[in-house]
Amino acid sequence: MSNEAVAELNQDIDLDQVDSIIEPYLGKKEMVIPILQKVQEHFGYLPRPVMEHISRRMHIPLSRLYGVTTFYAQFKLKPRGRNIIRVCKGTACHIQGSPKISERIEEILDVESGETTDDLRFTLEEVACIGCCALAPVIMVNDDPHGRLTPDKVKDILDGYE
Amino acid sequence: MERFIDPCCEKCIHTKDTPCKDFVDCCVEGPICHESQECAQKRKNITEKVALDENFVIC
Amino acid sequence: MYEKHIMICGATGCLSSGSNQIAETLKEELEKQGVIDKYRLVMGGCPGFCEVGPIIVIYPDEVFYCRLKPKDMAELVEQHLIGGEIVERLLYKGPDVDAPARFYDTIPFYSKQKFNVLRNSGVIDPESIDEYIMRGGYRALRRALQMDSQAICDEVKDAGLRGRGGAGFPTGVKWGFTNKAPGPKKYIVCNADEGDPGAFMDRSILEGDPHAILEGMLIAGKACGADEGYIYCRAEYPLAIRRLKTAIQQAEEYGLLGSNILDSGFNFKMNIKEGAGAFVCGEETALLASIEGKRGMPRPRPPFPAQVGVFGKPTTINNVETLANIPLIVKEGGAAEYAKVGTEGSKGTKVFALAGKVRNTGLVEVPMGITIEEIIFDVGGGIQGGREFKAVQAGGPSGGCIPHDLINLPIDYDSLTKAGAIMGSGGLVVMDDRTCMVDLAKYFLSFTQKESCGKCTPCREGTKRMLEILERITEGEGKPEDLDTLDSLAHSIKDSSLCGLGQTCPNPVLTTIRYFRHEYEEHINEGYCRSGICKPLFQYLIDQDNCTGCRACVRVCPVEAIKGEKKEPHEIIQELCTRCGSCIEKCRQDCILITRVGSEADVSN
């Protein structure tokens, strides 16, 4: 997604919602990770205006807040697609052929790992291990695991998500 | 008495605010602080309901 | 009273192969027959055998049904539950048994296992504290509360328990350090940030037996003089977090957490922290920073966490599996019993996540000292498709590869370290002749390179350089001096990094060079990847003598690079082939060959 498109989305953010999330944690700087987790759960990502707001309310410099945010893989600074594809990059999946699965998905969607399709239909991500090693190679689309994949099965699976 | 935390009779005083040191042993082997067939049976009923086989309960 | 108990595996592996639908259909069937009250249905912990999931075990008969589909439920209800006759069709079958097998006694997968840590997994309802207590739960806590702190540390030391998180430091000694540290406020931290790709034993324990962790932490608290605990758990494990929260709530209600526990004057408060996805947070000082809401970066030791830990207070950090062992040791007579299992230097059992190209994948708990051969061939049932065993990777990105020649190596802390691997958290990934060892080293390094926090230059820059070299080699542009450069970089990184991540991340590269040097040399000097993984270094050819012309490969090829008539041997057009591997997966005759680039059709491998 382009930066302009993100900026446009960021205009309609309701900061009151953020306040109600922060409220119980005011004055507890060590709780910044749970705050970011809850805020992201609400908005789907961490919009810039929200980050600035948290910074002010929690008295944490914005730079430090971004320092924490960008350190952890869970936090996203850009909106994500309606469907999240997580390709398991665990060892078992790797040796059972997950690179071939990623390649096929990237071909079909024309995005690379970490990116979102322009129509916001899919976001493609990698995850260290889903823990379904017996079903390797595995991808998760939203909460549905799809295991024992071969590259030729990928297209049918993706077609099932709008 | 549906769960171990429920008192078997008025003699059992264990709650989180008024703890009894024998509570854990008492769950399966009790009652410890008094003698009552009836109260022992109440505990047995709880274990028998879920015990998978004779080796399930470990004292 | 129930007639029978139906334990449905509700762990992540089986859930993803559909155990939820199984449970629902089963419930519907029981309702339809009007017998639902006679049976107790539990979505329980993991019996370990993920390969054949979804799994149902029926007690007291101890019958193990596997590979279930919703449509099997009607038969299971009518024939077994109501009729009392085992449904043979749904029992375990495999090349390692002569006849369909029932359970522990006859399924080879279970034959060499010993359940210590997984003693309750799949047997109790993980959301019931009563069932945990029936299984002897919280008795060790009760005993510990009457003991002197140092006496508890000594018992754990005598039992020979070593930390299951990786390095294998004696747990009792670690507790002793925190116990002796001055100050009234101390913490116990449970490291449940299981980030090793390919390892999921901690998750299974958390999901299957959460009270064991709480009890372990409480005993640690008593032994260390701590009154507050943190469980730092990966956010990617939502079910584990939910079960932990339920367990904490129950323990508080029962007066087993909180103040004046069991009238002993001992207080303990439990908190859960959800990790946010950073592998380095498995490192103890990084984990502490993360609990404090900071970037999870390690710091130099000393001071060790036992002196300066969370919020600057003395802290003991233990791994999930370590804590799950504690109640067994501290119970009456437990320490001596515990020390009977295992080897001289490594006591007890270890849980492994057995995965990769082994036939029986899943979670296994075996006594320390079992050999690699026993684990792969007896428990694991050998290699998938009867292919050749090449190596096993132990310990994840910090571990190393153990080659076929060391198949008789006993699995314990010291033997593994000697072989260049580590126990690590317990991932065992089995590899066959279609796994490229150079690619594997590259895979692990790309993982650690991404996860390096960037604090120590040798780790941040060195892993990047090593990865670049490995990438070159797998692309066919390796140089003869590369191996020496890799070796020198690896040792610099090991010697000069602050934390475990940097100190161990070159292991996969070092061990693959040590045991599979010829594969590296083949890549570099001959431009050939014999495993058919590194794309520029091989080509597929169709074995003209054995191809039956079934057209399966022609249909599956996404770029139409295979031509040939039905019942005539097919041929691959090398200019079009992208080596995606779809054909080799599909071919039932095993006649797609991996050959050197430029070889002709008659060359067999």
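Helices α8(C) and α10(C) are oblique to each other (under 35 degrees counts as roughly parallel, over 145 as roughly antiparallel, 65 to 115 as roughly perpendicular, and the rest as oblique). This is a predicted model: local features need pLDDT of at least 70, side-chain atom pairs count only at pLDDT 80 or more, and totals for chains, interfaces and linings use all residues. Residues are numbered from 1 along each chain as its sequence is written, chains are lettered from A and ligands numbered from 1 in the order in which they are written, and side-chain values use heavy atoms, leaving out hydrogens and water.

**Helix pair in chain C**

- The axes of α8 (residues 171-180) and α10 (residues 210-224) of chain C come within 8 Å and cross at roughly 50°.
- Axes are lines fitted to C-alpha atoms, for helices over the stretch in contact, and angles run from 0 to 180 degrees between N-to-C directions.
- Helices (H or I, at least four residues) and strands (E, at least two) are DSSP runs, numbered from the N terminus.
- On α8(C), the contact uses C:Trp175, C:Thr178 and C:Asn179. On α10(C), it uses C:Ile219, C:Ala220, C:Ala223 and C:Cys224. Contact means heavy atoms within 4.5 Å.
- These contact residues divide into 5 nonpolar, 2 polar and no charged. Ala, Val, Leu, Ile, Met, Phe, Trp, Tyr, Cys and Pro count as nonpolar, Asp, Glu, Lys and Arg as charged, and the others, Gly among them, as polar.

**Chain A: layout**

- Chain A has 8 helices and 4 strands. Their order along the sequence is α-α-α-α-α-β-α-α-β-β-β-α.
- The domain assignment, automatic or from a database, gives domain 1 (3-71) and domain 2 (83-159) in chain A.
- The C-alpha trace of chain A spans about 50 × 30 × 25 Å along its principal axes.
- Of the contacts in chain A between residues at least 6 apart in sequence, 63% join residues at least 24 apart.

- Of the 162 residues in chain A, 54% are buried. Buried means under 20% relative accessible area, exposed over 50%, and partly exposed in between (1.4 Å probe, protein chains only).
- Helix α5 (residues 62-71) of chain A buries A:Leu65, A:Tyr66, A:Gly67, A:Val68, A:Thr69 and A:Phe71. These buried residues pack against α3 (32-43) and α4 (48-58) of chain A.
- Two pairs of chains touch, and chains A and C have the most contacts. Chains A and B do not touch; their nearest C-alpha atoms are 26 Å apart.

**Backbone exceptions**

- Most residues other than glycine have a negative phi, and most peptide bonds are trans.
- A:Ala136 and A:Pro137 are joined by a cis peptide bond, with omega about -10°. A:Pro137 sits in the loop between β2 (122-127) and β3 (139-141) of chain A.
- C:Arg301 to C:Pro302 is also a cis peptide bond, with omega near -5°. C:Pro302 is in the loop between α12 (284-291) and β8 (315-319) of chain C.
- C:Leu262 has a positive phi, near 50°. Its loop runs between α11 (238-253) and β7 (269-274) of chain C. C:Leu262 counts as buried, at 3% relative accessibility.
- C:Glu560 has a positive phi of about 50°. C:Glu560 is exposed, with a relative accessible area of 66%.

**C:Glu565**

- C:Glu565 lies in the loop between β15 (562-563) and β16 (571-572) of chain C. At 57% relative accessibility, C:Glu565 counts as exposed.
- Not counting residues up to four places away in sequence, C:Glu565 touches C:Gly549, C:Arg551 and C:His570.
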